[in-house]
Amino acid sequence: MGWSPILAGRDQQRAWRALELLVEALREPATGAEDLGLARGEAGVALFFGYLARVTGRGDLIRLAQDRLGVAIDRVIADPPHPFLFGGITGVAWVAEHLAAMGPDPGGEDPHEEIDRMILELLDNPLESVRFELVRGVAGFAVYALERLPRPSAAAALARVVGALADMADDGESWFTSPPRMPTGGRARHPGGYRSLGVGHGVAGPIAVLAAACLHRVAEERARPLLDRALHALWRERRATAADHELALPSLAGQREPARVGWCHGDAGVGAALLALPGWREHALDLCRRAARQRPSGTDAALSQGAAGLGHIFHRCHHATGEPLFQAAARAWYGHALDVVDPSAARGGLLEGAGIGLALLAATTAVEPAWDRALLLSVRPPGR
């Protein structure tokens, strides 16, 4: 089934006005050397302009996408940051790969073999501080490898990610963040470590990666048993006594309070990431329906924990199921995003202004939002 817009009438007009303001706000490159990555920098902005150019056919937007990606690549070469997906080299390479595949000639010369080798080397010699997670860890490498399949180097990297996740799983069934692998600010709050359940920093990210590896039949003999155990371990953490209108998953294992609804943590993001898993669809839909029954609130419009991200998640759920509950929730959250966002003051990146723009494009056009593979909200099917 092809992708369909979900906004019409006044909200559609508001969305396009916001998109126009986002273009103007993001037209000029950021000056900070750190602002190059997918999550908050130039690579994420290039992704936005690339999709907007595809929708509109405007040559100036094609040039903007190329220029902003060029800025990110130049900064990576001049001062290489960390290698991870959301703020480092891998994210820049993922955007280059993704935009190239959208172009008129997706084949041709492969400029990323050196990055493939870097990832394989890191996975062969992991640092004690390297995490399992999507945002700044091993699972993020899988997103890049999945984008590059069926290249042999991508299959090798994905197999190595599966092996690394299996080695990092405590008790062979899930992933624990120990103090050496924590962000510095978290060590005082969690001196004994924690088990995060979300997509961005928690166990749901590796679960979705293992499911994708199985779909593509890469290292399936090792991925499948770990996937099954990790899914059951995650499901045990839900608040089984919660009523149908209440959220079920906490942010961290063992907590009694549910997580705030959003992509990075909680029912909506985890449910959407698990929606395509055979045998777990109803469990995933239970989480998504609970999240869809929450009333829009808050002042954040961004993808990670904000209104545009939730609008997009419920749009994905409606696309997968056709359920009116998800259609209504998507429209409500998108409307709230348009109420609270200030496009003229937006900063770049997938988790900031560029991501809001990409979500609004998905809400108002028939172009498949394959960019959300970076958030594990969709998976590229086997074969190109």
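## Buried residues and their contacts

The side chain of histidine 312 makes a polar contact with the side chain of aspartate 372, at 2.7 Å. This comes from a predicted model. Histidine 312 is part of helix α13, which covers residues 307-321. With a relative accessible area of 1%, histidine 312 is buried, since buried means under 20%. Apart from neighbours within four places in sequence, histidine 312 is in contact with Tyr334, Ala359, Ala362, Pro369, Trp371, Asp372 and Leu377.

Neighbours within four places in sequence aside, serine 196 is in contact with His201, Gly202, Val203, Ser251, Leu252 and His265.

Next come the aromatic rings. A search of the whole structure gives six aromatic pairs. In one of them, the ring centres of tryptophan 235 and tryptophan 280 are 6.1 Å apart and the planes meet at 75°, so the pair is edge-to-face; the cut-off for that class is over 60 degrees. Tryptophan 235 belongs to helix α10 (residues 220-235), while tryptophan 280 sits in the loop between α11 (267-274) and α12 (281-292), so the pair ties together parts that are 45 residues apart in sequence. Both tryptophan 235 and tryptophan 280 are buried.

In soluble globular proteins, nonpolar side chains tend to be buried together. Here the largest nonpolar core contains 138 residues. Leu47, Phe48, Trp175, Ile207 and Phe314 have the most contacts inside this core. For isoleucine 207, leaving out neighbours within four places in sequence, the contacts are Trp175, Leu227, Ala230, Leu231, Leu234, Leu274 and Leu277.

How many of the 14 residues of α4 are buried? Eleven are, so the helix is largely enclosed by the rest of the structure. Among the buried residues of α4 are Ile89, Trp94, Glu97 and His98. The elements covering the buried residues of α4 include α2 (42-56), α3 (59-78), α5 (113-124) and α6 (138-148). The length of α4 (residues 89-102) can be checked too: at 1.5 Å a residue, its 14 residues should span 20 Å, and its end C-alpha atoms are 20 Å apart, which agrees.

How values were computed: Residues numbered from 1 in each chain as written. Predicted model: local features only at pLDDT ≥ 70, side-chain atom pairs only at ≥ 80, totals over all residues. Heavy atoms only, no water. Phe/Tyr/Trp six-rings, centres within 6.5 Å; stacked < 30°, edge-to-face > 60°. Helix = DSSP H or I, 4+ residues; strand = E, 2+ residues; numbered from the N terminus. Buried < 20%, exposed > 50% of the residue type's maximum accessible area, 1.4 Å probe, protein only. Core = buried A, V, L, I, M, F, W, Y, C linked by side-chain atoms within 4.5 Å. Contact = heavy atoms within 4.5 Å. Polar contact = N/O pair within 3.5 Å; in protein donor to acceptor, adjacent residues only side chain to side chain. Expected span 1.5 Å × (residues − 1).
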